[in-house]
Amino acid sequence: MSRKSEKERMCSTEMISVDISNIWGEISLPDLLAIEKEVADAHAMLMDGTGAGSEYRDWLNLPVREPTEEIERILKAADKIRSNSDVCVVVGIGGSYLGSRAAMELLQGPNRNIGRGKGDPQIFFAGNNLSTRHWNELVGLLEGKDFSVIVISKSGTTLEPAIAFRGLRWMLERKYGTDEAGKRIYAVTDPVCGALHQMAEEEKWETFAIPVGVGGRYSVLSPVGLLPMAVAGIDIMEVLNGAMDAKEGYDLRSFENPVWLYAGVRNALYRRGKAIEIFESFEPGFHGFSRWWQQLFGESEGKDGKGIFPATAELTADLHSLGQLIQEGQRNLFETMVRFDAPEKQHTVGGDWKNLDGLNYLEGKTLSFVEENACLGT
């Protein structure tokens with residue numbers, strides 16, 4: 001695998017840009033500057049490990065530049081799954097699946113499964129609900145397919161994934177026999193104890209460890225997220241290198257750091273009565289990331305009777321549903337809109353000589369141009 005030189009890597013690193021121009025009038029510059037010391041203290045507390053829950057901050061150490069022995073094992077297991085399976089079923093709930101699913105949808109699109117099979121398998125997710133209809137659909141999709149299962153659970157006793165794994169294990173054993181089925185099961189679990197750990201030991205399934213000091217919602221850069229991503233064909237070393245770039249770049253201790261700016265602004269708005277944050281994007285492929293963001297913020301902040309309620313909206317579709325409420329409802333919310341650079345391949349709006357829809361004024365304009373103006377209007 002080729003690697004960029006240190007100089008090339010530093011030159012290609014781009015920080016997120018945060019535009020806060022729409023907040024003025026709701027909060028003032030002195031309001032924001034008054035929070036700067038609190039943001040600095042919070043950052044220092046995180047990095048120094050002096051705050052509550054500091055025993056679960058090992059996610060800071062997950063980004064790496066070069067593959068570790070465990071990452072080599074992940075890549076080897078992923079290659080095996082890709083070579084012998086039409087489908088890989090990822091069993092997990094919450095942090096056990098939201099991060100990897102977000103990455104797949106963002107990098108490969110929400111319709112990534114169409115046309116894929118052995119050599120580049122479809123990825124289905126199970127164990128995140130108790131819907132019989134969803135289960136029946138999954139069983140039908142697996143009919144006649146070679147498949148493998150990645151089961152992700154720290155304990156192995158969480159209700160939804162445990163029920164789904166029971167069913168999938170039975171299907172594997174009926175299809176391949178006990179021995180061969182065991183070669184198609186990959187367990188990501190506690191390295192020392194728990195029901196899934198015990199099962200994996202007794203059945204001799206290939207096992208990957210959930211780091212002890214990493215909470216579920218922060219586990220995407222551990223085997224929890226890396227193994228499913230690698231099976232999907234995502235270059236996990238590029239992901240880890242990007243995470244390391246971010247770790248280094250966002251350690252800047254001032255409001256020039258966009259992370260500081262975002263944290264400061266949302267807390268200033270919260271203190272002004274804005275108790276709901278709507279996280280928005282114009283990209284359907286960002287839907288999974290939004291769901292993951294909901295968990296990250298909801299579980300992290302929703303404590304002691306406090307916390308901003310995290311909601312999501314997909315634009316422009318939700319302009320036709322939630323738009324009215326956002327614009328004219330209670331003034332207890334604020335919006336965070338995520339934007340991406342325009343793609344290289346563009347679509348141009350065509351003309352219609354009858355012009356019955358009245359849109360000929362857009363003839364020759366790109367779809368990205370229309371989207372950008374929808375964003376500005378919003």
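Q: Is helix 9 (residues 223-231) mostly covered or mostly uncovered, and how many of its residues are buried?

A: Happy to. One word on the ground rules: this is a predicted model, in which local features need pLDDT of at least 70 and side-chain atom pairs count only at pLDDT 80 or more, while totals for chains, interfaces and linings use all residues. Residues are numbered from 1 along each chain as its sequence is written, and side-chain values use heavy atoms, with hydrogens and water left out.

Helix 9 is mostly covered, with 9 of its 9 residues buried; buried means under 20% relative accessible area, exposed over 50%, and partly exposed in between, with a 1.4 Å probe and protein chains only. Helices here are DSSP runs of H or I with at least four residues, strands are runs of E with at least two, and both are numbered from the N terminus. The buried residues of helix 9 are Pro-223, Val-224, Gly-225, Leu-226, Leu-227, Pro-228, Met-229, Ala-230 and Val-231. Just after this helix, Gly-233 takes a positive phi of about 95°.

Now for the setting. The chain has 14 helices and 8 strands. Its radius of gyration is 23 Å, close to the 21 Å from the globule rule for 378 residues, so the chain is as compact as a globular protein of that length. That radius is taken over C-alpha atoms, and the rule is 2.2 Å times the number of residues to the power 0.38. Of the 378 residues, 40% are buried. Among contacts (heavy atoms within 4.5 Å) with a separation of 6 or more, 75% link residues 24 or more positions apart.

Rings of Phe, Tyr and Trp (its six-membered ring) pair if their centres lie within 6.5 Å; planes under 30 degrees apart count as stacked, over 60 as edge-to-face, and the rest as tilted. By this rule there are 11 aromatic pairs. One of them joins Phe-165 and Trp-205 edge-to-face, at 5.5 Å centre to centre and 90° between the planes. Phe-165 lies in helix 6 (residues 159-176) and Trp-205 in the loop between helix 8 (195-203) and strand 5 (206-209), so this pair ties together parts 40 residues apart in sequence. Both Phe-165 and Trp-205 are buried.

Phe-289 and Trp-292 also make an edge-to-face pair, because their ring centres are 5.4 Å apart and their planes stand at 80°. These two are 3 residues apart in helix 12 (residues 287-301), about one helical turn. Phe-289 is partly exposed at 26% relative accessibility, whereas Trp-292 is buried at 13%. Both belong to one aromatic cluster, whose members include Tyr-262, Phe-279 and Phe-340.

A few backbone details complete the tour. A cis peptide bond, with omega about 15°, joins Leu-315 and Thr-316, and Thr-316 sits in the loop between strand 7 (309-314) and helix 13 (323-328). Asp-304 has a positive phi near 55° although it is not glycine; this residue is in the loop between helix 12 and strand 7 and is exposed, with a relative accessible area of 75%. Asn-355, another non-glycine residue, has a positive phi near 55°. Asn-355 lies in the loop between strand 8 (333-338) and helix 14 (367-377) and is partly exposed at 27% relative accessibility.
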